[in-house]
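Me: I'd like to learn how to read a protein model, one feature at a time. Could you walk me through this one?

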Amino acid sequence: MRSENRLCEYAAAFAAGLTDPAIVAPEDVVATSGKGVVKRYNVYRNNVTVSLIDALADIYPAIQRITGVEFFRAMARFHVRATPPASPLLFEYGRDFPAFIESYEYARDMPWLADTARIERAWLDAYHAADLPALAAEALGGIEPTSLAGVRFKPHPAARIVRSPYPAVAIFAMNRTDGPVSPLCSSEPEDALVTRPEQDVVVSRLPAGGATFLIDLLEGASLSDAVAAAFQEAPSFDLQANLAGMISAGVFTAVQHGD
Amino acid sequence: MEYSTRTTAIGERGRPPVGTPDAQGLAGTSFKHEHLSAILADRLKDGFFEVHAENYMGAGGPPHRALAAIREGYPLSIHGVCMSIGGPGALDATHLARFRDVVVRYEPALVSEHLAWSSHGGTFFNDLLPLPYTKETLEKVCDHVNQVQEAIKRPILLENPSTYVAFASSTMSETDFLRAVAQHTGCGLLLDVNNVFVSANNHGFSASAYLAGFPLEEVGEIHLAGYSEQEDDENELLLIDSHDRAISDSVWTLYRDVVSRIGPRPTLIEWDSNLPDWPVLRAQALTARRIMAQHGISLAGELSHEV
């Protein structure tokens, strides 16, 4: 037990300063010929911080483009130090970053930034989601008209919805590429649908009532209940168009049978 | 449990610790998705590709599609970077299961991990961190290597690290430590020649002397990479294992020396950032292959100077 405790000390001691620049290298850490270890330990500290900031930059390229590299890296550095990853899978990292952006003092004049980040995080989840076929249009056609109202769907693993009171989809689309950025004069709320219908992730803007409709269906509601909820939220809800969009985007993988 | 009394059903002693018998002379590179179409258009003969296991631990999507396309034409090396084999804590069982799944899915020719740690106390640091070399850490590392080998039902290759600091509490040399791990667990070793060069500079020892003490008979794969330069507290040269440029002449020379002593081994050009176009990477792999062809049989005392 004593040996076990002593054994653990090197990692605990070495880890302490990796995300806290105020903590110096542990005593047991040395260099040949009595050389100093400040810069040497800093190599590890730097590797940790820079590689995790890089990971956030890879996950949130549109945010970095909007804020500029310097702003982004300063913001990301705060987040990395406060919330380092728990999982060794870096593509799982940064789930708390949108909420961090929301509370980040220097980003308050960009209230739409957090939702744009949420779309980027959803994009990466869709990218790594399991491979399953998208529900074919014929599958709907094959359902008896009398049972159509009660039908439920099995979500495709890539499907995500991000609702925003800001034009987050337009902001995402404009900044996710290297193309030119033009002034955006919209203050409309936008709901994003993120899917991977074939090989590539697709982000599209949902029409009025579309988010409520799909969220209900994704949560297992029957078609008739989801339609009712959509109409309640948006009297202009267009069922035909939303069904067609749902099929082509690949939101679902199958019709749920049974239960 | 004493590591020294533990037997392993895998990793039979006395044979080259390599997955496939015809893999010895292969020269390969890190696989980056940016290069996929160039690689598929321009076949690398006798090549192989290495990927970080963690990048393929997602459920599906484009990464697996790209890797499956490469796997159709080439042997693969699955290189784990996050198992934390050198850490004092228990291995992450979930991560170990994911690692096993990647190995089962891609049936790689080579599987490797690091003598280092990267997670502690619930935090993942995303770096290969150093450990003291003691009887206690040896026992722990052997236990971890055994667990990995039991999970994937085959031996792994354990890579020597590049380090920037040492530990006052160390009681063994790195080469003795690696030899003991190989002896006790049946694992092979991944000799990173650039790491040897970087550590030798950083700790003021001779790279050749390190290699003289290295259990070369256990080497199942060789890594080559580029390093960058910084300064230590005394404003003296500190080398960083950066994987972001071409291999230095000094590292090629050490490599030639190793190959002339042990013959060809699957050799990988590691290049992870500041990526060049595919032909540049390919040319580095072909240089390694040429060296293996020219020096792969014992040619003691006959080092040429043409690289």
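Me: Let's start with charges: how many salt bridges are there over all chains?
Reply: The count comes to 21 salt bridges over all chains. A salt bridge here is a side-chain nitrogen of Lys or Arg within 4 Å of a carboxyl oxygen of Asp or Glu. The general idea is that side chains of opposite charge can pair when their charged atoms come close. Some ground rules: this is a predicted model, where local features need pLDDT of at least 70, side-chain atom pairs count only at pLDDT 80 or more, and totals for chains, interfaces and linings use all residues. Residues are numbered from 1 along each chain as its sequence is written, chains are lettered from A and ligands numbered from 1 in the order in which they are written, and side-chain values use heavy atoms, with hydrogens and water left out.

Me: Which residue meets A:Lys35 in a salt bridge?
Reply: That's B:Glu236, at 2.5 Å from N to O. The pair crosses between chains: A:Lys35 sits in the loop between β1 (29–30) and α2 of chain A, and B:Glu236 in the loop between β11 (228–231) and β12 (237–240) of chain B. Those labels follow DSSP runs, numbered from the N terminus: helices are H or I with at least four residues, strands are E with at least two. There's also a network of salt bridges linking A:Lys35, A:Arg40, B:Asp232 and B:Glu236.

Me: What does the salt bridge between A:Glu233 and A:Arg163 tie together?
Reply: A:Glu233 and A:Arg163 meet at 3.2 Å, N to O. A:Glu233 is in helix α10 (residues 223–233) of chain A and A:Arg163 in strand β3 (residues 160–164) of chain A, so their pairing ties together parts that are 70 residues apart in sequence. In chain B, B:Asp272 and B:Lys32 form a salt bridge at 2.8 Å, N to O. B:Asp272 is in the loop between β13 (267–270) and α9 (278–295) of chain B and B:Lys32 in the loop between β1 (27–30) and α1 (36–41) of chain B, so this pair ties together parts 240 residues apart in sequence. B:Asp272 is partly exposed at 26%, while B:Lys32 is buried at 16%.

Me: Which charged side chain is buried yet has no salt bridge?
Reply: B:Arg98 is one such case, and its nearest side chain of opposite charge, B:Asp92, is 4.4 Å away. For opposite charge, Lys and Arg count as positive and Asp and Glu as negative; His and the chain ends are not counted. You'll find B:Arg98 in helix α3 (residues 93–106) of chain B. A contact means heavy atoms within 4.5 Å. Leaving aside neighbours within four places in sequence, B:Arg98 is in contact with A:Ser87, A:Pro88, A:Leu89, B:Met57 and B:Asp92.

Me: Now the greasy parts: which residues touch the most other members of the largest nonpolar core?
Reply: In soluble globular proteins, nonpolar side chains tend to be buried together. A nonpolar core here is a set of buried Ala, Val, Leu, Ile, Met, Phe, Trp, Tyr and Cys residues joined through side-chain atoms within 4.5 Å. The largest one has 134 residues, and A:Phe14, B:Phe31, B:Phe99, B:Leu158 and B:Leu224 touch the most other members. Its largest share, 9 residues, comes from helix α2 (residues 38–59) of chain A. A second, separate core of 24 residues includes A:Leu193, A:Leu223, A:Val227 and A:Val255.

Conventions:
Buried means under 20% relative accessible area, exposed over 50%, partly exposed in between (1.4 Å probe, protein chains only).
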